[in-house]
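Here is a short briefing to read alongside your model. Have the viewer open, and let's look at some side chains together.

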Amino acid sequence: MQAVILKCRPGSRFHFGEVAPDADTALNDSSDFCHSDTLFSALINIVQSFDPASTNALVARFESGDVRISSVFHCLKVDLMREMIWFFPVPAHYNMYADAKYQKRFSAIHFISKKVWEEKILPDQWAQKLDEKKLVLLQHRFLVHRSELSTAALTAADQIKLI
């Protein structure tokens with residue numbers, strides 16, 4: 001399995017439009033990430049525009065399972081000496097772990113870092129781990145393990161913007 005990193009310049013933006021209510025409505029809302037079907041469509045359209053003869057062969061590789069893609073999620077590199085921080089959507093089943101008193105506080109968290117996932121830190125532990133400063137919340141939406149951030153990144157955590 002490979003990950004392809006689409007880098008953007010600081011301050012630049014992507015817009016993943018949400019489905020409009022009807023065909024006459026403009027895409028005025030944005031998704032948190034690029035869904036796999038949108039990515040597939042974009043790839044096929046790009047290939048069709050510069051090498052139409054290869055389009056059917058590429059589609060056939062997807063159909064056979066030889067090529068597979070996932071949705072596009074966020075990653076963050078805030079320090080050249082550290083590894084990339086990978087983010088994944090909060091799994092839907094995490095709702096059953098959430099303590100009702102923290103539901104409002106944590107409902108805005110849409111992504112958890114790979115380390116939070118690997119350490120199996122569930123929503124019923126988030127409040128305690130945040131209070132203990134073992135977890136850091138970026139932009140109220142991204143939960144990251146403190147060890148994944150450098151001292152400089154921790155100092156500037158309020159300034160880090162992923163969306």
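Which residues form one aromatic cluster? F87, F111 and F142 do. This is a predicted model, where local features need pLDDT of at least 70, side-chain atom pairs count only at pLDDT 80 or more, and totals for chains, interfaces and linings use all residues. Residues are numbered from 1 along each chain as its sequence is written, and side-chain values use heavy atoms, with hydrogens and water left out.

**Aromatic pairs**
- Searching the whole structure gives three aromatic pairs (ring centres of Phe, Tyr or the six-membered ring of Trp within 6.5 Å; planes under 30 degrees apart are stacked, over 60 edge-to-face, the rest tilted).
- F87 and F142 pair edge-to-face, at 5.1 Å centre to centre with 75 degrees between the planes.
- Because F87 sits in strand 2 (residues 85–89) and F142 in strand 5 (residues 142–145), this pair ties together parts 55 residues apart in sequence (strands are DSSP runs of E, at least two residues; helices are runs of H or I, at least four; both are numbered from the N terminus).
- F111 and F142 are stacked, because their centres are 5.1 Å apart and their planes are at 10 degrees.
- That pair links F111 in strand 3 (residues 111–113) with F142 in strand 5, 31 residues away.

**Burial**
- F87 is buried at 1% relative accessible area (buried is under 20%, exposed over 50%, partly exposed in between, with a 1.4 Å probe and protein chains only).
- F111 is buried at 1%, and F142 is buried at 0%.

**T55**
- T55 belongs to helix 2 (residues 52–64) and counts as buried, at 7% relative accessibility.
- Leaving aside residues up to four places away in sequence, T55 touches I44, V47 and Q48 (contact means heavy atoms within 4.5 Å).
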